[in-house]
Amino acid sequence: MNEFECKTCGGVHQLSTLIEFPQPDIISQITSGKVDQTLEHLGRNTMLINREYILMECEMKIPIVDRDDDLDYLVWVRMDKADVKKAIGSSKDKESIKIKGKLIHPIPFYDNTEELDVHIGSINFEEISICSIDRSTELRQDFIRGISFDKLIIMLEKYYHMD
Ligand SMILES: [Zn+2]
């Protein structure tokens with residue numbers, strides 16, 4: 001089943017479980033010369049801005065409890081360079097690491113997610129993803145417990161009819 005029937009418009013929409021966000025504006029502002037700051041690529045969709053902070057795209061997975069699937073947000077996170085250095089320095093085995101950061105975009109369907117404090121985690125600097133959400137919100141509950149397939153459909157109906 002890759003489509004669902006929408007109660008809002010009566011039509012059929014794609015059953016999408018991947019939600020992406022645009023690149024943070026500062027990236028195009030720097031590359032176009034509008035903002036006089038430096039940008040260094042550290043990896044795929046990972047940039048050091050003005051030698052001060054890092055912007056990185058990473059996954060935030062919300063399990064769909066009654067399906068063998070996840071709702072997958074590809075979010076942008078901002079981390080201070082000092083916090084990254086500190087996290088790498090204090091990581092004992094250099095294999096698993098946890099770094100504090102902030103979400104750039106609010107998350108659709110969820111209130112109170114502006115500039116949300118999160119931690120990103122990685123093992124061997126691969127599979128970098130959001131590993132904790134630090135403010136008590138509905139999003140945090142869903143991140144921990146997962147959502148039902150019915151809730152996913154309600155969220156997608158809203159998503160397809162956002163103005
Ligand atoms: Zn619809």
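Trainee: How many helices and strands does the chain have?

Mentor: The chain contains four helices and ten strands. Helices (H or I, at least four residues) and strands (E, at least two) are DSSP runs, numbered from the N terminus. Residues are numbered from 1 along each chain as its sequence is written. This is a predicted model, in which local features need pLDDT of at least 70 and side-chain atom pairs count only at pLDDT 80 or more, while totals for chains, interfaces and linings use all residues.

Trainee: What pattern does the chain follow along the sequence?

Mentor: The order is β-β-β-α-β-β-β-β-α-β-β-β-α-α. The C-alpha atoms occupy a box of roughly 50 × 40 × 25 Å along the principal axes.

Trainee: How many bridges join strand β5 to β6?

Mentor: Strand β5, residues 46–49, is joined to β6 by four bridges, and the two run antiparallel. M47 faces L55 of β6, and L48 faces I54 of that strand. The β5 and β6 hairpin leaves three residues between its strands, and N50 in the turn has a positive phi of about 55°.

Trainee: Which residue of β5 is the bridge partner of H41?

Mentor: The partner of H41 is M47, the residue that also stands opposite L55 in β6. Strand β4, residues 39–43, pairs with β5 in the antiparallel sense over four bridges. Two residues lie between the strands of the β4 and β5 hairpin, where N45 takes a positive phi near 55°.

Trainee: How is burial read, and what percentage of the 163 residues of the chain count as buried?

Mentor: A residue is buried if 20 or more other C-beta atoms lie within 10 Å of its own, exposed if 12 or fewer, and partly exposed in between, with C-beta atoms placed from the backbone. By this rule, 20% of the 163 residues are buried.

Trainee: Which buried residues does helix α3 have?

Mentor: An α-helix has 3.6 residues a turn, so residues three or four places apart point the same way. In helix α3, residues 138–145, the buried positions are L139, D142 and F143. Viewed down the axis of α3, the buried residues fall within an arc of 105°, so they line one face of the helix. The arc is that of the directions from the helix axis to the C-beta atoms. On the face of α3 turned away from the buried side are the exposed residues I144 and R145. After α3 comes G146, with a positive phi near 90°.

Trainee: Which residues touch the most other members of the largest nonpolar core?

Mentor: A nonpolar core is a set of buried Ala, Val, Leu, Ile, Met, Phe, Trp, Tyr and Cys residues joined through C-beta atoms within 7 Å. The largest such core has 31 residues, and C58, V75, V77, V118, I120 and I130 touch the most other members. At least two residues of this core come from each of β6 (53–64), β7 (69–80), β8 (96–103), β9 (117–123), β10 (126–133), α3 and α4 (149–160).

Trainee: How are contacts read, and with which residues is V77 in contact?

Mentor: Two residues are in contact if their C-beta atoms, placed from the backbone, lie within 7 Å. Neighbours within four places in sequence aside, V77 contacts M56, C58, G101, K102, L103, I104, V118 and I120. Among the contacts in the chain with a separation of 6 or more, 47% are between residues 24 or more positions apart.

Trainee: Are S132, M155 and Q29 buried, exposed or partly exposed?

Mentor: S132 belongs to strand β10 and is partly exposed, since 14 other C-beta atoms lie within 10 Å. Apart from neighbours within four places in sequence, S132 contacts V118 and H119. M155, in helix α4, is partly exposed, with 18 other C-beta atoms within 10 Å. Q29 lies in helix α1, residues 25–31, and is partly exposed, with 14 other C-beta atoms within 10 Å. Not counting residues up to four places away in sequence, Q29 touches K34 and V35.

Notes:
Pairing = 2+ DSSP bridges.
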